[in-house]
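Here's a quick tour for anyone meeting this structure for the first time. Take a look at it, then read on.

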Amino acid sequence: MYDDKIHANEVETEHRFGLSRRDFLSFCAAMAATMGLPKGAEAQIAQAIAAKQRPSVIWLHFQECTGCTESLLRSEHPAIEKLILDIISLDYHETLFAAAGHQAEAARKAAMAKHKGKYVLVVEGAIPVKDGGIYCKIGGQTALDMLKECAADAAAVIAIGSCASWGGMPSTPPNPTGSSGVGEILGKTVVTIPGCPPNPYNFLSTVVHFLTFGALPAIDDKGRPKFAYSRLIHENCERRAHFDAGRFAMEFGDDGHRKGYCLYKLGCKGPETYANCPSILFGGVDNGSWPVGTGHPCIGCTEKGIGFTKPIHALAELQNQRPPVGYPRIVEEQGTGASLASSALLVGVAAAAAGAGYKLVGNLGRDEDEDDSGKQG
Ligand code: FSX
Ligand code: SF4
Ligand code: F3S
């Protein structure tokens, strides 16, 4: 239950976050739902945030486009400035820092010394390792050295974005600078939040989990939080009914594309990509969207070996490809091998998803007068 102590702090909390108590609790409930936590966890989250134990965060930027930070700046629940000022203590961030040059580097070193063993290190961008790492330097120091230095005394390391997770876009073959992910350089498992850009709610949820439980969330064998990366895009896609029925867009802008047909024949990698994009959307669950929702095939940006790596075939080749049989069934979880196909279980899964606040989207583009015989695969 909502704790008395927090209740007493209600006015202060409203003041701190610029949120009403109701909105603050809604935010906590949304975080709990995103992480798939049991009922009651929202109260723990509210307590942890209200207790003002702000973890020190040092945020490094290497080879990247700053899209990770940009996507975080577009999060709404709460807005980034609330996150920065009230949930974490952002002690070093090159993009958002007013300080520059020696002043900024001094702030980083001071934060590292003051919070030794306790700070959270967030890394955005890949790290070039070729030729001693000379292809990315900050303040005269290679990214490689800076990463190792900052990771040595961190309580936890989070790699945000596909670049930091496994090399991402800068590692696109032939990868001339040897762009690599944080985990492979440090030689240990770090929490990765891949995506180009990653969904800001997955990052927020990971930080809130650390704040609430003093530990990072359960991860898969690629370091990704299971709460966000256990399901295939293909499982929750609003175009899935069209895939199953063999209705495909064959060209951008054609009749099938306008009707919201499946994008598989335009190169969609949703059937082999694990992420929660269709469930939590970008820009907010209420009015947000996601790549496939806007008509662009998923390029598999969360998956090493798919995003920025697998060749995008010529359209003619894609149009002729036949959906392979044997894709994991719709309620199969990553790595479990479980196959739960009965309709009763499907109904249960849908109900659970709805209970968790996930938006279940319907059969997009199915107009009354729609011609089902349209483009067929
Ligand atoms: Fe950019 Fe981040 Fe892509 Fe990389 O996101 S959105 S290139 S994952 O490191 O800034
Ligand atoms: Fe699957 Fe992509 Fe088609 Fe959606 S658009 S049903 S993810 S292949
Ligand atoms: Fe990336 Fe595909 Fe989601 S391209 S953002 S994993 S829909």
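## Around S180

Which backbone oxygen does the side chain of S180 reach? The answer is that of G178, at 2.9 Å. Keep in mind that this is a predicted model.

S180 itself sits in strand β8, which covers residues 179–180. Buried or exposed, then, for S180? S180 is buried, because its relative accessibility is 7% and the cut-off for buried is under 20%. Setting aside neighbours within four places in sequence, S180 touches A126, I127, V129, C163, W166, G167 and I185.

Now have a look at β3, residues 120–124. Five of its five residues are buried, so the rest of the structure largely encloses this strand. V120, V122 and E124 point one way, while L121 and V123 point the other way.

β3 has parallel pairings with β1 and β7. Strand β1 (residues 56–61) runs parallel to β3 and is joined to it by five bridges. Strand β7 (residues 156–160) is also parallel to β3, again with five bridges. E124 shows up in both pairings: H61 stands opposite E124, and I160 in β7 is the bridge partner of E124.

Key
Residues are numbered from 1 along each chain as its sequence is written. Chains are lettered from A and ligands numbered from 1 in the order in which they are written. This is a predicted model: local features need pLDDT of at least 70, side-chain atom pairs count only at pLDDT 80 or more; totals for chains, interfaces and linings use all residues. Side-chain values use heavy atoms; hydrogens and water are left out. Helices (H or I, at least four residues) and strands (E, at least two) are DSSP runs, numbered from the N terminus. Buried means under 20% relative accessible area, exposed over 50%, partly exposed in between (1.4 Å probe, protein chains only). A polar contact is a pair of N or O atoms within 3.5 Å; within protein, one must be able to donate a hydrogen and the other to accept it, and residues adjacent in sequence count only if both atoms are side-chain atoms. Contact means heavy atoms within 4.5 Å. Two strands pair if DSSP finds at least two bridges between them.
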